[in-house]
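I wanted to see how the parts of one chain meet. These are my notes, in the order I looked things up.

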Amino acid sequence: MRILLVEDERELAHTLRHGLSAEGYRVDLAHDGREGLWKARMGEHALIILDLMLPLINGYRVCAQLRREGVTTPILILTAKDGEWDQAEALDTGADDYLAKPFSYPVLLARLRALQRRATTFSTAMLTVGDLTLDIAARACRRAGSKIALTPREFAILELLARHPGQAVTKHDLLYHAWPDDAEDPNLVEARISALRRKIDTPFGRHSLQTVRGHGYRLIDDRHNHE
Ligand code: CA
């Protein structure tokens with residue numbers, strides 16, 4: 001399971017990464033708000049641990065921005081402040097939980113496990129690009145109401161594209177997202193993209209899954225081209 005840790009205190013960040021790795025988590029680090037936002041947007045993490053006081057963009061704004069963009073990854077806010085106001089504000093921006101520093105490591109682990117359980121039980125996020133919808137919890141895909149059967153890899157690829165509608169996503173990012181444990185051969189992505197086109201576009205006379213030359217792929221709402 002991959003976790004994104006956004007924390008500017010390097011010593012704490014590295015200690016946490018070390019401890020969480022020992023628990024079996026794969027931890028990506030970001031040392032400021034901008035880097036954290038950028039990494040979190042990829043939608044590749046099961047959980048995000050987000051410090052509140054960060055350089056460049058603070059944790060409140062990172063959290064609020066992610067939620068605005070439809071990123072539903074559970075977020076645990078770490079805060080050096082412990083006033084009720086700050087905690088309420090953290091939850092209001094779309095965080096799922098918070099923990100005041102200094103915190104006990106077992107409590108952090110317990111909170112992470114609780115977030116994980118809640119995410120798997122209640123993840124009802126629906127992604128929509130034009131008339132294509134992805135039900136993340138049910139792993140179901142529909143075009144204009146018609147159900148489309150996808151393999152888990154195809155679903156993963158389409159999910160990442162649908163999280164960034166209209167934006168180019170690199171082949172590398174798609175590979176890493178759909179084959180997290182074995183991301184080596186970019187041809188795997190090409191083959192699955194072709195398969196996806198045969199499923200989500202061709203039968204509907206559409207071209208929503210586009211190649212962005214020299215970069216990767218993007219998913220667009222192409223309905224206006226076909227009226
Ligand atoms: Ca900080």
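Is Glu 44 buried or exposed? I found Glu 44 buried, because its relative accessible area is 14% (buried means under 20%, exposed over 50%, partly exposed in between, with a 1.4 Å probe and protein chains only).

I noted the basis next. This is a predicted model, where local features need pLDDT of at least 70 and side-chain atom pairs count only at pLDDT 80 or more, while totals for chains, interfaces and linings use all residues. Residues are numbered from 1 along each chain as its sequence is written, and side-chain values use heavy atoms, with hydrogens and water left out.

I looked up the domains: domain 1 covers 2-122 and domain 2 covers 126-226, with bounds from an automatic or database domain assignment. Their C-alpha centres lie 28 Å apart.

I then looked up the interface. In contact (heavy atoms within 4.5 Å) are 9 residues of domain 1 and 8 residues of domain 2. The two domains bury about 760 Å² between them, 43% of it on carbon and sulfur atoms; buried area is the accessible area (1.4 Å probe) that two parts lose on being put together, summed over both. Of the area that domain 1 buries against domain 2, Arg 26, Met 42 and Glu 44 supply 54%, more than any other three residues.

I checked for salt bridges (a side-chain nitrogen of Lys or Arg within 4 Å of a carboxyl oxygen of Asp or Glu) across this interface, and the rule finds 0.

I went back to Glu 44. Leaving aside neighbours within four places in sequence, Glu 44 is in contact with Arg 2, Asp 173, Tyr 176 and His 177.
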